[in-house]
Amino acid sequence: MELLDRYLQAVRKHLPWKRQDDIVAELKANLEAQLEDKEAALGRPLTNEEAMDWLKQLGSPLQMAAPYQTQQYLIGPTIFPTYRYVLQLACTWAVVINIIVSVIKIATEDNTSPAAMFGALQHVPFTLLMTAAWVTLIFVVIEYAVAHSKTKWMPPTAPSAGWSPAELPPLEKGEGAGQKPRSFAHAVTEVIFGFLFLAWWLLVPRHPYLLIGPGVLYWHASPFQLAPISVLFYWWVVGVNVVQLAWRSADLIRGSWPRPRTAQTIVVSAIGLIPLGLLLSVPDHAYVLLRNPALDQARYGAALTSINLSIHWSAAVICAITVLRLVWEIGRMSLDAYRKRAAAAQ
Amino acid sequence: MTITENLFENLRLELRRGCLTLAVLAQLRQERYGYTLRKALAERGLEIDESTLYPLLRRLEAQGLLASEWREEEKRNKRFYRLSSDGEQIFDQLLKEWQAINTSINSIL
């Protein structure tokens with residue numbers, strides 16, 4: 001029957017090439033036997049329309065051939081949990097390393113403009129894409145090797161005799177992860193210490209020994225003085241602490257102190273970035289100046305540069321840590337919100 | 001197809017998959033080729049599409065549960081399958097498992 005031969009020819013094109021002849025020969029024998037039965041029941045050969053209906057019932061050539069393919073996926077269910085875990089780990093580390101390298105690059109190139117920072121962030125999506133592509137490629141190769149090896153392979157995530165519950169990591173901090181809510185005493189202590197810190201910080205300009213102790217005598221005798229930016233920085237620190245203290249006091253008054261503080265941490269971290277940004281944007285890193293530059297430049301110039309660079313680097317590192325913390329908290333809050341929405345939708 | 005129908009179809013196929021393997025192994029305690037096996041299963045009320053049964057036979061053979069040979073019958077070369085010795089052992093175990101599940105399900109229902 002020509003139509004059946006044409007059908008088998010089309011099926012052959014979608015079969016694994018090594019077994020095409022064998023599979024087609026078997027299919028042909030089975031389908032011809034089926035055809036003979038049909039014709040015997042009718043007492044005549046099938047008409048063209050009947051033959052077409054029969055072949056339609058068998059399914060398209062692609063449908064018929066597809067189940068003969070041994071591997072239908074790039075990363076199968078056995079290896080997929082490991083793939084997902086490694087992908088998450090690799091992407092997280094890729095972003096962290098990328099940010100650290102960018103911060104170091106910006107600091108060494110002495111270019112802390114917003115454009116330079118935005119330029120550094122632009123690399124993050126590309127880094128993520130490349131990391132995901134490489135991890136996926138490696139796992140596709142592993143899947144292929146495992147699927148084509150004779151020995152049975154168990155993924156590392158599969159339960160094994162060597163696994164022990166004692167190796168489980170400790171409970172993570174955070175909402176829903178087993179952490180106890182803050183107690184009232186804890187919340188009150190935080191507010192009291194917040195007020196004490198603010199009072200101490202406000203007294204420092206008039207009584208600098210509260211900050212550097214006896215060192216104040218050396219400071220007054222030294223050829224150095226703080227640049228005007230220090231005043232602005234000082235008042236920004238006051239502002240950040242006032243916001244934090246007001247928020248915590250409001251929590252205490254409203255009785256909402258046991259609730260998680262993710263939003264508060266995000267806002268405070270974001271405001272905290274402003275004084276750090278101010279410090280990083282100071283021209284020539286002039287945080288400390290000479291009282292008498294004309295007299296002392298030759299003698300103390302090198303020491304002054306060294307002090308200013310140290311302050312600049314410290315501010316850059318603190319800024320990087322604050323940005324990472326901010327990104328982490330935003331990510332965590334978004335994930336929690338997504339989980340809650342998904343749970344509500346279900 | 002609605003979502004409910006689609007869900008039912010997926011669950012039905014999942015439920016059938018294991019049962020089909022057991023039925024095929026049971027029928028191949030006696031040697032058969034693809035088409036006669038399909039007819040024998042259909043006569044006992046278990047219809048299987050060609051595109052499901054014939055590749056299944058290949059997979060079971062690759063797993064060592066079936067043995068096959070090409071032989072001429074009625075002037076046509078056909079591939080005959082039968083249960084291998086490993087297949088017989090596994091079939092016995094699967095049958096016991098099936099009977100235990102069946103008993104449990106019946107008592108649950």
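Mentor: Two residues count as being in contact when their C-beta atoms, placed from the backbone, lie within 7 Å. This is a predicted model, in which local features need pLDDT of at least 70 and side-chain atom pairs count only at pLDDT 80 or more, while totals for chains, interfaces and linings use all residues. Residues are numbered from 1 along each chain as its sequence is written, and chains are lettered from A and ligands numbered from 1 in the order in which they are written.

In chain A, of the contacts between residues at least 6 apart in sequence, 78% join residues at least 24 apart. Chain A holds twelve helices and two strands (DSSP runs numbered from the N terminus, H or I of at least four residues for helices and E of at least two for strands), and along the sequence they read α-α-α-α-α-α-α-α-α-β-α-α-β-α.

The part I would examine is the pair formed by helix α7 (residues 184-203) and helix α10 (residues 229-254) of chain A, whose axes lie 10 Å apart and meet at an angle of about 155°. Axes are lines fitted to C-alpha atoms over the stretch in contact, with angles from 0 to 180 degrees between N-to-C directions. Because angles over 145 degrees count as roughly antiparallel, α7(A) and α10(A) are roughly antiparallel to each other. The crossing of α7(A) past α10(A) is left-handed, that is, the near helix is turned anticlockwise from the far one by less than a right angle.

Where the two helices meet, α7(A) contributes residues including A:Ala187, A:Val191, A:Phe195, A:Leu198 and A:Trp201, while α10(A) contributes, among them, A:Val238, A:Asn241, A:Leu245, A:Arg248 and A:Leu252. The residues of this contact divide into 13 nonpolar, four polar and three charged, where Asp, Glu, Lys and Arg are charged, Ala, Val, Leu, Ile, Met, Phe, Trp, Tyr, Cys and Pro are nonpolar, and the others, Gly among them, are polar.

Beyond this pair, chain A also touches chain B, in a contact that takes 14 residues from chain A and twelve residues from chain B. On the chain B side, α2 (34-43), α3 (50-62) and β3 (76-83) each supply at least two residues, and α3(B) gives the most, with six residues. That side of chain B divides into three nonpolar, four polar and five charged residues.

How values were computed: Parallel < 35°, antiparallel > 145°, perpendicular 65-115°, else oblique.
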